[in-house]
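Here is a short report for a reader meeting this structure for the first time. Please look at the sequence and the model, then read on.

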Amino acid sequence: MGTGGVSNERLAGAMNRYRTLSMWHDTVPGDDFTPRPSLPGDLDVDVCIVGAGYTGLWTAYYLKKADPSLRLAIVEKEIAGFGASGRNGGWCSPYFATAADKLAQAGTRDGAIALQREMLNTIAEVGRVCDDESIAADYHRGGTLTFARTPAQLVSVRAEFDHLSQWGFGDEDIQWLGAAEACARVAVTSVLGAIFSPHCARVHPAKLVRGLARVVESLGVPIYERTTVTDRTRGGVSTTAGHVKADVTVRATEGYTVALPQLHRALIPVYSLMLATEPLAEHVWEQIGWRGEECFSDGRRMLVYLARTADGRIAMGGRGAPYHFGSHIDARFEREPRVHGALYRELCELLPAVKGAAVTHRWGGPIGIARDWCSSVGFDRTLGDAWALGYVGDGVATSNLAGRTLADLITGRSTPLTALPWVGHHSQQWEPEPLRWIGVNAAQWLMAGVDKVETRTGKPSRRAKLIDRFVG
Ligand SMILES: Cc1cc2nc3c(=O)[nH]c(=O)nc-3n(C[C@H](O)[C@H](O)[C@H](O)COP(=O)(O)OP(=O)(O)OC[C@H]3O[C@@H](n4cnc5c(N)ncnc54)[C@H](O)[C@@H]3O)c2cc1C
């Protein structure tokens with residue numbers, strides 16, 4: 001028998017399933033993904049954290065640093081890093097899902113700027129912890145490039161640059177590059193200009209989350225794996241392996257939140273899909289350039305995002321997978337030949353030198369989107385209910401900010417972080433089905449259409465306004 005009374009055969013099957021979740025899982029050295037023991041029975045703690053992704057682990061890390069006497073436990077349905085935290089695009093970026101104007105409307109302009117500034121600090125904070133705790137996560141601060149590749153994209157990317165300037169970002173934060181300067185960084189086709197920002201680090205997501213889990217454990221926080229929370233009540237959670245009595249419960253389940261009781265319409269899980277090439281030959285890198293290892297995207301609406309990995313691959317992701325009726329989550333949705341095929345064609349279109357290189361991995365995972373597109377973090381002391389969710393596709397850095405903020409809120413400290421405008425925000429629920437399915441897939445279809453029209457005509461599409469109205 002293996003861990004928790006599971007037969008060795010089933011255990012080996014599970015470990016193989018975890019390793020093949022993504023290219024990142026497949027390339028974590030010295031980790032065979034043996035699950036940690038499940039919850040052995042009923043338990044009594046101060047804080048129970050549901051989910052061992054970045055949000056849950058960062059929260060545990062900062063709580064323990066703030067008050068080592070706190071009794072914490074993490075319960076995880078699968079293994080640490082099973083979710084989006086192990087599978088993402090590796091952009092540890094200061095992008096925050098909620099637009100600054102919207103944050104200012106809900107609070108103040110100063111509050112919105114303070115949040116953006118704190119996101120910039122967060123990139124350095126993730127690097128600091130990796131250094132201090134010896135987490136070898138391939139952290140490399142190369143910045144971001146947003147290319148404009150059509151006349152319409154030039155209008156929107158330039159508008160984004162002007163918008164950021166109005167929000168107090170100066171030369172040290174963003175620079176406009178002309179076509180030649182932009183191409184000299186990465187030999188992307190059809191480039192008309194680009195925004196460069198130095199504030200982004202490329203990480204190896206699975207090395208980060210698996211390393212963080214080990215650090216948190218070494219601080220005395222048990223992680224009970226293959227233990228599913230089935231119900232939440234005031235004063236704790238019920239799981240498949242016993243009851244956890246806790247003064248505070250932290251919901252750190254992001255896209256998977258929809259499976260928890262009463263939270264079915266709190267957000268929607270939308271799949272982002274990725275692929276990775278084999279490590280590219282040096283002569284290919286000579287054609288591409290990309291020596292700065294920036295993370296990059298372009299100005300299209302159906303986002304694509306690319307990173308150069310430390311072992312010389314290209315990891316590329318994008319949207320375009322359908323939203324599944326009833327917010328259904330299923331491993332089958334992680335590999336969609338139509339979307340993965342389109343991603344590969346886009347990759348070759350962006351960087352023709354890649355043609356001929358093998359694609360070694362294809363995978364995907366759910367991101368969580370709130371109805372008003374606002375990320376939120378909060379703590380209701382009366383109910384003992386803490387949460388952080390709705391990062392859209394920007395959770396690598398945001399989850400660190402969430403963890404630090406939750407630690408302050410739970411330990412009752414009033415700090416600049418607890419005053420930021422996303423704290424205590426409540427998004428409205430998503431519509432019931434079939435409205436949700438029709439609306440979300442219609443918006444996706446519109447976005448893809450806008451990209452096609454703008455590429456063909458070179459002009460900004462009027463349909464874009466419709467989408468903006470839908471996503472708020
Ligand atoms: C393909 C992809 C690419 C992305 N790229 C980027 C990027 O480049 N940059 C960026 O900033 N963000 C990116 N994101 C988003 C980012 O990865 C997430 O926002 C972030 O990892 C969320 O972390 P989390 O800990 O909140 O959630 P998760 O990592 O999803 O963790 C939630 C955990 O909760 C567990 N769980 C769920 N239900 C239960 C239950 N009932 N009981 C117990 N445990 C439960 C799950 O098993 C899971 O391990 C991407 C996401 C995806 C899917």
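How far apart do the C-alpha centres of domain 1 and domain 2 lie? They lie 19 Å apart. The model is a predicted one.

## The two domains

The domain assignment gives domain 1 as 140–202 + 268–369. It gives domain 2 as 441–471. Eleven residues of domain 1 are in contact with eleven residues of domain 2. On the side of domain 1 that touches domain 2, six residues are nonpolar, three are polar and two are charged.

## The nonpolar core

The largest nonpolar core has 130 residues. Val 47, Cys 48, Leu 57 and Leu 406 touch the most other members. Helix α12 supplies the largest share of this core, eight residues.

Take Cys 48. Setting aside neighbours within four places in sequence, Cys 48 is in contact with Ala 73, Val 75, Gly 236, Val 237, Val 244, Ala 246 and Thr 249.

## Pro 205

Pro 205 sits in helix α9, residues 205–218. Is Pro 205 buried or exposed? Pro 205 counts as buried, because 30 C-beta neighbours lie inside 10 Å, and the cut-off for buried is 20 or more.

Residues up to four places away in sequence are not counted in what follows. Pro 205 touches Trp 24, Ser 85, Gly 86, Arg 87, Asn 88 and Gly 90. Now compare sequence with space. Pro 205 and Leu 192 are 13 residues apart in sequence. Their C-alpha atoms are 31 Å apart in space.

## Helix α13

Helix α13 has 23 residues, 435–457. What span should α13 have? At 1.5 Å a residue, α13 should span 33 Å. Its end C-alpha atoms are 32 Å apart, which agrees.

Within α13, Val 440, Met 447, Val 450 and Glu 454 are buried. After α13 comes Gly 458. The phi of Gly 458 is positive, near 80 degrees.

How values were computed: Residues numbered from 1 in each chain as written. Predicted model: local features only at pLDDT ≥ 70, side-chain atom pairs only at ≥ 80, totals over all residues. Helix = DSSP H or I, 4+ residues; strand = E, 2+ residues; numbered from the N terminus. Expected span 1.5 Å × (residues − 1). Buried ≥ 20, exposed ≤ 12 C-beta atoms within 10 Å, placed from the backbone. Domains from an automatic or database assignment. Contact = placed C-beta atoms within 7 Å. Nonpolar A, V, L, I, M, F, W, Y, C, P; charged D, E, K, R; others polar. Core = buried A, V, L, I, M, F, W, Y, C linked by C-beta atoms within 7 Å.
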